[in-house]
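This report describes one protein model, part by part. Have the sequence and the structure at hand while reading.

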Amino acid sequence: MGAGLPAKKPGQTPQVLNLPALSQSPYNRPLFPEGTPLVADKRYSCIGLYNPKSPENVGSVMRAAGCYGVASVFYTGKRYERAADFVTDTKRVHYDIPLIGIDDLKKILPLNCVPVAVELVEGARPLPEYTHPDRALYIFGPEDGSLDKEIRDWCEDVVYIPTSGCMNLAATVNVVLYDRMAKGLNTRSGPKFR
Ligand SMILES: C[S@@+](CC[C@H](N)C(=O)[O-])C[C@H]1O[C@@H](n2cnc3c(N)ncnc32)[C@H](O)[C@@H]1O
């Protein structure tokens, strides 16, 4: 029984929470009026892969996603087939975590989720000093390219890992997810979120 709901008597129709109507932003973000009580308070992370190069790249990302409890992985482009056997995903995580192809990552931003570009570019914020969003969609560039300005501008934050030279895609995904895990409950809303 959810907190705050009166006990349901046999034969009664279920109670419905009366939430205020949500107005939609152009990018599917709800605009909650000030003071709206939080009824949804679960942290999660998703991954967006911008035109990944190979099944090996995606397989290694899926492996990382499984290790760190990522909710779902989205990708654009056609350079590998979804049905390909991801040799680097030896745990077969792609059967457990949704892996979804889409033509534009902007279309799949979950409600109340913050898009974060991960790229080694000027003006990006260093990951060690970064406070992660409660709900984040981390977007990564391809092995043989980088995230273009258009997608970086759309993201709310751009973060980088202060390495000398860039890492490979899967290594970067692992570092970002590890950083999120290591910071524990210290996402933007703090312990309010579980
Ligand atoms: C192998 S890198 C791309 C290749 C790179 N643009 C080059 O010059 O050869 C693949 C992706 O990993 C991420 N990446 C790698 N190293 C990074 C770092 N130090 N900080 C942030 N992102 C990084 C970015 O998303 C990048 O697009």
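## Strands β4 and β5

Strand β4, which covers residues 72–75, runs parallel to β5 and is joined to it by three bridges. Valine 73 has leucine 99 as its bridge partner in β5. Phenylalanine 74 stands opposite isoleucine 100, also in β5. The model is a predicted one.

In general, the strands of a sheet pair through backbone hydrogen bonds, and the pairing can be parallel or antiparallel.

## From β3 to β4

Strand β4 also pairs with β3, in the parallel sense, over four bridges. Here cysteine 46 has serine 72 of β4 as its bridge partner. Together with helix α1, residues 55–68, the strands β3 and β4 make a right-handed β-α-β unit.

The loop between β3 and α1 contains asparagine 51. Asparagine 51 has a positive phi of about 45°, although it is not a glycine. It counts as partly exposed because it has 17 C-beta neighbours inside 10 Å, a count that lies between the limits of 12 or fewer for exposed and 20 or more for buried.

## The sheet as a whole

These strands belong to an open sheet of seven strands with parallel pairing, in the order β5-β4-β3-β8-β6-β9-β7. The edges are held by β5 (99–101) and β7 (125–126); each has a single partner strand, so one side of each is left without a neighbour in the sheet.

β6 and strand β9, residues 157–160, run parallel and are joined by three bridges. Valine 118 has valine 159 of β9 as its bridge partner. β9 then pairs with β7, again in the parallel sense, over two bridges. In this pair, the bridge partner of proline 126 is tyrosine 160 in β9.

Asparagine 112 is partly exposed, because the count of its C-beta neighbours inside 10 Å is 15.

Arginine 180 is part of helix α3. Is arginine 180 buried or exposed? It counts as buried, because 22 C-beta neighbours lie inside 10 Å, and the cut-off for buried is 20 or more. Not counting residues up to four places away in sequence, arginine 180 touches Ser45 and His132. Arginine 180 and threonine 131 are 49 residues apart in sequence, but their C-alpha atoms are 8.5 Å apart in space.

## A buried residue in a loop

Phenylalanine 86 lies in the loop between β4 and β5. Phenylalanine 86 is buried, because 22 other C-beta atoms are within 10 Å.

Which residues does phenylalanine 86 contact, leaving aside its neighbours within four places in sequence? They are Pro55, Val58, Gly59, Met62 and His94. Phenylalanine 86 and asparagine 57 are 29 residues apart in sequence and 8.5 Å apart in space, from C-alpha to C-alpha.

## Around the ligand

The ligand is surrounded by 17 residues. The closest are Phe140, Gly141, Ser146, Tyr160 and Cys166. Sorted by class, the shell around the ligand has nine nonpolar, six polar and two charged residues.

## The protein in overview

The protein has three helices and nine strands. Along the sequence, they follow the pattern β-β-β-α-β-β-β-β-β-α-β-α.

Of the 194 residues in the protein, 30% are buried. How many of the contacts between residues at least 6 apart in sequence join residues at least 24 apart? The share is 77%.

Key: Residues numbered from 1 in each chain as written. Predicted model: local features only at pLDDT ≥ 70, side-chain atom pairs only at ≥ 80, totals over all residues. Pairing = 2+ DSSP bridges. Right-handed = clockwise from strand over helix to strand, strands pointing away. Contact = placed C-beta atoms within 7 Å. Near = placed C-beta within 6 Å. Nonpolar A, V, L, I, M, F, W, Y, C, P; charged D, E, K, R; others polar.
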